[in-house]
Amino acid sequence: MTTGTDPLAPLAQLAGVPEAVAEVRKNVDRLYGHRVMRRRAGEVTSESALRGARASAALEGADWPLEEVRRRTDFGADPEARTIGAALRLSAEAGQLLSIWRTSPLQVLARLHLLAVGDADPAAGRPRRAGESAAPLFPREIAATEGVAPDGPVGEIPPPPAADEVAARLDQLAGLLAARAERPTGGAPALVVAAVVHGELLALRPFGDYNGLVARTAQRIVLTAEGLDPKAICPAEVGLAELGTAAYRQALLGYLEGTPEGMSRWLTHCAAGLGLGVRESTAVCEAMQRGMV
């Protein structure tokens, strides 16, 4: 059994992070205590999955209204429809992958990419090879409806690492998660672990496309597996979309810098996104209570 300290634990003490973690924990607990959750938790989970998938697809360049996503059944007609379909498949499958994630996170990532692109794609489920490029992370700008927009222009995300570095860092990430699974107690909070997995996958862009969808689904899996959101009712993707792509890029640049200030910016941004996701599901519960859903 691994007995060393969690290397992610110091991140939880960066400026603003303890407060962000505590605030999210309080709001998640309040949502789980909502009276609707006692009898309609499954419906809340399903609605969260739908709304999270719609928001994640929007961040991937397919910004469709929720009701259009809800009513459509054909998602193969054009690139945007295929992106929506990919996001819905990942959201539907995420809960089935929890046990595998705990022992083989790289297998789960491969499965997520396969689900996103379909098994007809020869690159489905495998990391990029030498010389292969990755699609842009933010193909369409989404204006912020929450939070404070960055002052002035935000820098561009640099190209991802080469294939050999991607493979090495994926192995390191898997090793870190495996060691955490063997550690009986303590360590970094679930929110910090989920944000690091999310950020590292966006930084590496291990696949040729749909890296954003895969990274955000992996974050959701971690939040569920680590027990912060065991019923997967808190769609952080909704909050990330509401905060806008400029703030998302700025926060990711902080992760890529790797400085204490940059990491704090990324972690608190992920916390803000999750907090807005909690708000979204709270509104769903209130609507159900009033008989509107």
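Here are a few questions and answers about this predicted model.

Residues are numbered from 1 along each chain as its sequence is written. Local features need pLDDT of at least 70, side-chain atom pairs count only at pLDDT 80 or more, while totals for chains, interfaces and linings use all residues, and side-chain values use heavy atoms, leaving out hydrogens and water.

Me: Is Glu60 buried or exposed?
Reply: Glu60 sits in the loop between helix H2 (37-59) and helix H3 (66-71); helices are DSSP runs of H or I, at least four residues, numbered from the N terminus. Buried means under 20% relative accessible area, exposed over 50%, partly exposed in between (1.4 Å probe, protein chains only). Glu60 has 12% relative accessibility, so it counts as buried.

Me: Which backbone nitrogen does the side chain of Glu60 reach?
Reply: Leaving out residues up to four places away in sequence, Glu60 touches several residues (heavy atoms within 4.5 Å), including Tyr210, Gly212 and Arg216. At 3.3 Å, its side chain reaches the backbone nitrogen of Leu213.

Me: How far apart in space are Leu243 and Ala143, C-alpha to C-alpha?
Reply: Leu243 lies in helix H10 (residues 236-243), and at 9% relative accessibility it counts as buried. Leu243 and Ala143 are 100 residues apart in sequence, but C-alpha to C-alpha the distance in space is 7.7 Å.

Conventions
Helices (H or I, at least four residues) and strands (E, at least two) are DSSP runs, numbered from the N terminus. A polar contact is a pair of N or O atoms within 3.5 Å; within protein, one must be able to donate a hydrogen and the other to accept it, and residues adjacent in sequence count only if both atoms are side-chain atoms.
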